Amino acid sequence: MRPTRATVLLTAGLVTLLGVPAATAADTPNTLYVNNEADSNCTDTGAGSQAVPFCTISTAAKMVKPGQTVRIKTWTHYDENVVIDRSGEPGKPITFTADTEDFSSAAYLGSGKSLTISGASHVAVRGLQSYGGVHVRRSTDVELDRLYVRNDASAGLVVGEGSVGVRAVRSRLIGVRVEGGARGTVLSRNHLDIGFERGIDVMDAPETAVTNNTLVSGCGTTISVRGAASSGSAVFNNVLFTWPTDCTSAEPRKGIDVAASATAGTRADYNLITGPELKSTPYTWGGTGYQTPAAFAAATGQGAHDILAPDFNEVGAKDGSPTIDSGDPAAPGVLPTDIYGKPTADDPRVANTGKDGGYIDRGAIETQDVLKGVTLSIDPAWAPAGTTVKATAVPDGRWPTGLTYHYDFGDGTAPVVTKATTTEHVYSSPCACVARVTAVNGVGEKVSSFDQHTKVTAAGPLTTAFTVTPLLPTSSDPITHRVPLTVTVDTHDTAAPWPVMSTDVDFGDGTQGHIDGLGDLGHTYKMPGTYDVTVTTQDAKGAKSTAKRSVKVAYAPSGYVATEPFRLLDTRTTNAPVQGGVATPVVLPVGLAVPGHELSGSMAVAVLNVTVTGATEDTHLSVWPSDQPRPVTSNVNIKAGGTSSNTVTVPIGADGKVSAQLNSGKAALIVDFVGYYQPNIGQRFSPVTPTRVVDTRTTGGALGGGQTRTVKVAGVNGIPTDATAVALNLTGTSATEQAHVIAYPDPAKRPTTSNLNVEPGKDNSNQAIVPVGPNGTITLFTNSGSTHLIVDAVGYYGKDGKALFTPVMPKRLADTRTTGKVAPGATTTVSGLPANAIGAALNVTATESTGPGFLTVHGFGTPRTDASSLNTLPGLTVPNHVMTQVGDGKVSVFNSWGGSNHVITDLLGYFTQS
């Protein structure tokens, strides 16, 4: 379709147009600047530098020298008539240009203001808009490019008075008149709206070239060449739109009109005339009108390749237009780019019907490819080295058949350049290569595909390999839900010469998973343990491979997040008591589960205060993660009709719940949320030697009902001032009536929860984790009666905390009912904790006491203090949550001198430094 002569012919047209060569960068002196914006710091008395520009174009026009460029600030109005009367030199023109040299911006002269080029030579003006017209007089070698020109009184552009070599190109013009002996004027690639008797009026102006313009007219003559001196002119490659406007003038409508006086040496061809209703005479030559190109050509020898298009809707820069690839590339005044700066382009879908097979379009606009993109596929994209792969390019453009493809296979070999949309390649060695294709159209526009990753493998058998890693949370985001005991099985390490089509995983807990190909599979186990994980892969050739490994699944070390305590459950209001043989689910505030309490969606362990009241018989309560078997351990022991509470630290089930169940009977259950542990957030814990903070029996007197007492807990007793929460053991004694005690941080915000239940004749203990309030204090409150309170500190959380908490499934460490009672004044040692643990969370229970007393739990090998961990009474089984130091994987339990006791020690979790 594209003959070899086309480029030669187009180049010949360029030489005709350009005439004097442009100045090179090396020849260009300094630039002058014009900018009259308010903040430009402009002056007309300076040198026109970029920092201090001229305010007016006229000042620059008086100062400019050959080879200089005047850069005019775009989108700015200059209220002045501009006269350019200074000249450049051959190869060193004077240039006036908008400072953004694109096709969408311009500098503006004020309303009615004009541009005049008078007696000047070697001048270029680009990117200017004038609403008062442009006049070129007695000037030589003038280029007018990318202008918008109109003059309501007459033609927008007037070239005359003997001017030579004026070129008006790629502009929007409202009427043009070339007159007064102007010679060699070129009007090319312009859009003209005709509002005058003659749109382009060439009068006594020889060798005028009217080429590749788009003209829209209604009345009068669109292109007129007249006068005895207008011989040797040329009218080529133009598109004339004529509209059926009602005209006030009696002047006949004409398309192209060449007077008899101007026909000598004047040529016209490759023009196209169209309109919705052709009321004009398309051609008038030497005074005779012609209605068709055929009649025109037969009579004059002109217009042999002209087109009279009956359907104007099919004409223009659109598919199927007769203007495409049908012009004369060697016509006088031909430009290499269109009105938008786009290059001459060959539409490969259209036969080249221009002169000598040329492909320039008619009119001001050159139809372009509009190359949007290209995609690449490699088949197979995964194969052993030595395999032949096929690359396929799929372009997204108007002219897909005219593209050249550059296939880069990413292995260091030279790109394959071809016009074919497919090509083959052999990778010689294994690689993780990135392939890409670049599509190039006929005018040099390029688009590249996204990277196409290819996996070139070594030959060999399919060999499954995998890793299993914990999937841990990284934030307290309430939306993200990373459940404890979740792991990721990653199979990417599998050696696979061919694509893996399927991966099947047996997680070892009775569940399976499947994915297509290789990848990651997430799985949540219901409980810690060691599991045999089996992975089977199958490739595209049908080969299978299996690998198996034992995986230890455990809770991850976690930091503590203290919250304002709030009530989660009170079955006294729901009429659904907890009872023996039936587990009661407790919904925890995981993420958005509890309205009004948006907390982390990935909390792993809950810290609760659990109260049991109104039991129908002597019994005990167990709390454990949902979906796990009920442990043999217990958390709260209760006498019939009594009230008992205890702090419970318990891992959270995969469904965001824990289960609570009585051993027997029925009772009301009250659950308060205190805080939670989670990996990668929260504060670390530092256990301290149990230290007495306050004892109202010796200081301050009993706490009365409805009263509060502030106690300093941080900045004393080895607890730093910046501690965020403290772990305390609360003991109530000498209570005058049944009541509850609340320990809380802000004295102005007392919660509705409770930490300790007291009753006459009994010493009751409970451990609490309390956020630190103002000035390192906490506040104590009891609702009725009066009671003495004893507060012992056992540790704190803060920025300089030492250890993270690792929960375990409740585990019994020791039970003296199988080894013998602990005598009064004796100490029993409990082992079985990790050797690297520095602290532990325990549930310690005293039972079958022979006398009132207390137990003190402390780290093995550390001094015992007077602080107590729980109080004992004959006939009662008393549990308490105990946080304590650990020494050498052991703790010591001291029994006071009150009587002998059986002691049961259950492990809830431990603290380690990491």
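Glu-89 is partly exposed, because its relative accessible area is 38%; buried means under 20%, exposed over 50% and partly exposed in between, with a 1.4 Å probe and protein chains only. This residue belongs to the loop between strand S4 (82–84) and strand S5 (94–98). Helices (H or I, at least four residues) and strands (E, at least two) are DSSP runs, numbered from the N terminus. Leaving aside neighbours within four places in sequence, Glu-89 is in contact with Pro-66 and His-122, where contact means heavy atoms within 4.5 Å. Glu-89 and Val-123 lie 34 residues apart in sequence, and their C-alpha atoms are 8.8 Å apart in space.

The model is a predicted one, in which local features need pLDDT of at least 70 and side-chain atom pairs count only at pLDDT 80 or more, while totals for chains, interfaces and linings use all residues. Residues are numbered from 1 along each chain as its sequence is written, and side-chain values use heavy atoms, with hydrogens and water left out.

Pro-380 is found in the loop between strand S31 (373–379) and strand S32 (382–384).

Thr-847 lies in strand S67 (residues 837–847). With a relative accessible area of 9%, Thr-847 is buried. Its side chain makes a polar contact of 2.9 Å with the side chain of Thr-877. A polar contact is a pair of N or O atoms within 3.5 Å; within protein, one must be able to donate a hydrogen and the other to accept it, and residues adjacent in sequence count only if both atoms are side-chain atoms. Apart from neighbours within four places in sequence, the contacts of Thr-847 include Arg-817, Leu-876 and Asn-901.

The structure holds 18 aromatic pairs. The rings of Tyr-407 and Phe-409 are stacked, because their centres are 6.5 Å apart and their planes stand at 20°. Rings of Phe, Tyr and Trp (its six-membered ring) pair if their centres lie within 6.5 Å; planes under 30 degrees apart count as stacked, over 60 as edge-to-face and the rest as tilted. Tyr-407 is buried at 1% relative accessibility, and Phe-409 is buried at 2%. One aromatic cluster is formed by Tyr-560, Tyr-677, Phe-685, Tyr-797, Phe-805 and Phe-911.

Charged groups also lie over rings. Lys-541 lies over the face of Trp-498, 4.4 Å from the ring centre, and the charged end of Arg-864 sits over the ring of Phe-894, 3.6 Å from its centre. The criterion is that NZ of Lys or CZ of Arg is within 6 Å of the ring centre and within 35 degrees of the ring normal.

As a whole, the protein has 4 helices and 72 strands. Its C-alpha trace spans about 140 × 70 × 55 Å along the principal axes. Of its 914 residues, 55% count as buried.
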